[in-house]
Amino acid sequence: MPELPEVEITARLIGAAVAGARVESSLAPGVNALKTYDPPLSALDGRTFTGVRRRGKLFVASVEDDLALVIHLMSAGRLQLFDTRASLRDKASRLLVRLDDGRELRLREFGTKQRAWVKLLRAKDVESEETIAALGPDAWPDPPPLEELLDAPRPLYALLRDQHVLAGIGRSWVDEILHTAMISPFKRGSDLEPDEAERLREAIVERLGGVIEHYEHAITLPIPDKVPMPLTVHRHNGKPCPRCGDQIEAVFYEDYVMCYCPTCQTDGKLMKDRRLSRLLK
Ligand SMILES: [Zn+2]
């Protein structure tokens, strides 16, 4: 599941590769992947890409100075650039932008759900696009002080992933960040001490920045379907904690798993497994 670092490296690599490239034609084969109709997709024909940037977990691909494609991968989408054109039988295709040098920018989505989306907007309308306008400040590179931002009676594992609060962090990196900060995922934002808020902010900047730097060396075009994420806590339940060597524990929710180290983060306390406790009711 792409989060801020994966979207950032994709935006950097694809942005550098398509800048100056001209669009020949575009096609949106997915059902409802294209969420706008004015301007039409054909407005891209003959126009030149000027760059790709990231906002939260979204891409904004600029076309000259008046148009932009806003792309949201949701949980299973991928933005990729290929040297050749897709087979029209590729069921994962949601948007195909054919460049006049033969390459193709492709939004693909894996799995059965079609949730990834694209909007073609006038550049002046990007910031007021509803998803972008509702985003909190970016988690990286320079998030605001967290004490006030996270002052809500909600557990940190949920608060930090709330894109309206802070943009860019998802299920994988939240576990890593809280582990780095040595703070319980169940601690409420409003209970954060000033020094914890500062430690958490540092952990966010350090972890996200560190993994982007790692990707700068590890990832090249074409972006693989599955970016190998250097995780050490998330989905590492049962394995030793990279800091203290004790066992990483997990709490299973309906559609995801949260991992933490009891020794490093919860004073040794084991958190209830919601899945198990529901079964025992
Ligand atoms: Zn530990």
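Burial, aromatic pairs and pockets in a predicted model

Modeller: This is a predicted model. In helix 5, the residues S172, W173, V174, D175, E176, I177, L178, H179 and A181 are buried.

Colleague: Why is the pair of F186 and Y260 called edge-to-face?

Modeller: Ring centres must lie within 6.5 Å to pair, and planes over 60 degrees apart count as edge-to-face. The centres of the F186 and Y260 rings are 6.5 Å apart and their planes stand at 90°, so the pair is edge-to-face.

Colleague: Which parts of the chain does this pair link?

Modeller: The pair links distant parts of the chain. F186 lies in the loop between helix 5 and helix 6, whereas Y260 belongs to strand 10 (residues 257–260), 74 residues apart from F186. With a relative accessible area of 0%, Y260 is under the 20% limit and is therefore buried.

Colleague: Why is the pair of Y253 and Y256 called stacked?

Modeller: The limit for stacking is planes under 30 degrees apart. For Y253 and Y256 the angle between the planes is 15° and the distance is 5.1 Å centre to centre, so the aromatic pair is stacked.

Colleague: How do you know whether Y253 and Y256 are buried or exposed?

Modeller: The relative accessible area of Y253 is 17%, so Y253 is buried. Y256, at 13% relative accessibility, also counts as buried.

Colleague: Which residues form one aromatic cluster?

Modeller: Y157, F186, Y253, Y256 and Y260 form one aromatic cluster. The count of aromatic pairs comes to 4.

Colleague: Which element gives the largest share of the largest nonpolar core?

Modeller: The largest nonpolar core has 65 residues, of which F49, L69, L150, L160, L200, I204 and L208 touch the most other members. The largest share of this core, 8 residues, comes from helix 6 (residues 194–218). Another core, of 10 residues, lies apart from it, with L58, V60, A68 and V70 among them.

Colleague: What is L200 in contact with, leaving aside its neighbours within four places in sequence?

Modeller: Its contacts are L146, L150, L156, L160, I177, L178, A181, I183 and L192.

Colleague: What lines the largest pocket?

Modeller: The largest pocket, of about 690 Å³, is lined by 25 residues, and K57, M74, S75, R115 and R171 lie nearest its centre. By class, this lining has 9 nonpolar, 8 polar and 8 charged residues.

Colleague: Which residues are closest to the centre of the second largest pocket?

Modeller: They are M1, P2, S172, K226 and M229, out of 23 lining residues. The volume of the second largest pocket is about 420 Å³, and its lining divides into 13 nonpolar, 4 polar and 6 charged residues. Helix 1 (4–18), strand 5 (77–82) and helix 5 (171–181) each supply at least two residues of that lining.

Terms used: Residues numbered from 1 in each chain as written. Predicted model: local features only at pLDDT ≥ 70, side-chain atom pairs only at ≥ 80, totals over all residues. Heavy atoms only, no water. Core = buried A, V, L, I, M, F, W, Y, C linked by side-chain atoms within 4.5 Å. Buried < 20%, exposed > 50% of the residue type's maximum accessible area, 1.4 Å probe, protein only. Helix = DSSP H or I, 4+ residues; strand = E, 2+ residues; numbered from the N terminus. Contact = heavy atoms within 4.5 Å. 1 Å grid on protein atoms, 1.4 Å probe; cavity = no way out; pocket = protein on both sides within 12 Å on 5 of 7 lines; lining within 4 Å. Points joined across faces, edges and corners; volume = space filled by probe spheres on them. Nonpolar A, V, L, I, M, F, W, Y, C, P; charged D, E, K, R; others polar. Phe/Tyr/Trp six-rings, centres within 6.5 Å; stacked < 30°, edge-to-face > 60°.
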